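Please examine the sequence and the model shown here.

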Amino acid sequence: MADHITVLTTTDSREAAEALARSAVEARLAACAQVDGPITSVYRWEGAVRTDQEWRVLYKLPAAGYAALEEHVRAAHTYDVPEIIAAEITRGSAAYLAWLDDETVNRGSAG
């Protein structure tokens, strides 16, 4: 398993995305969170195909912090089933990855 990850979620407004981003960074669950959008999402929900405008939030953090960030996003998110997807960072600048460790509660995979 990689030592660092990115975690993606989406939400229905810029304000909600910025609140999700800021609250995780303020809690030191992610070193950085980027808000991107609007994007168009096409998905099946409650038996119907829907098309909606959403905003993406991309968090960067040590892999050891995933569970805490997931819990935070679930608690703060307005969706019944929020998208929460993690991807490993397989390579990155050593200085940047050290910064991710320094700026979060979990301080990298060593915990």
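Predicted model: local features only at pLDDT ≥ 70, side-chain atom pairs only at ≥ 80, totals over all residues.

Residues are numbered from 1 along each chain as its sequence is written, and side-chain values use heavy atoms, with hydrogens and water left out.

Student: How many salt bridges does the structure hold?

Tutor: Side chains of opposite charge can pair when their charged atoms come close. A salt bridge is a side-chain nitrogen of Lys or Arg within 4 Å of a carboxyl oxygen of Asp or Glu. The number of salt bridges in the structure is 5.

Student: Is Glu26 buried or exposed?

Tutor: Buried means under 20% relative accessible area, exposed over 50% and partly exposed in between (1.4 Å probe, protein chains only). Glu26 has 57% relative accessibility, so Glu26 counts as exposed.

Student: What is the N to O distance in the salt bridge of Arg74 and Glu70?

Tutor: Both Arg74 and Glu70 belong to helix α2 (residues 66–76), where they are 4 residues apart, about one turn of the helix. Their side chains meet at an N to O distance of 2.7 Å.

Student: Why is the pair of Tyr96 and Trp99 tilted?

Tutor: Rings of Phe, Tyr and Trp (its six-membered ring) pair if their centres lie within 6.5 Å; planes under 30 degrees apart count as stacked, over 60 as edge-to-face and the rest as tilted. By this rule the count is 1 aromatic pair. The ring centres of Tyr96 and Trp99 are 5.5 Å apart, and the pair is tilted because the angle of the planes is 35 degrees.

Student: Which strands do the buried residues of α3 pack against?

Tutor: Leu97, Leu100 and Asp101 are buried in α3. They lie on the same side of α3, because they cover an arc of only 100 degrees around the axis, the arc being that of the directions from the helix axis to the C-beta atoms. With contact meaning heavy atoms within 4.5 Å, the buried residues of α3 pack against β1 (4–11) and β3 (48–62).

Note on methods:
Helix = DSSP H or I, 4+ residues; strand = E, 2+ residues; numbered from the N terminus.
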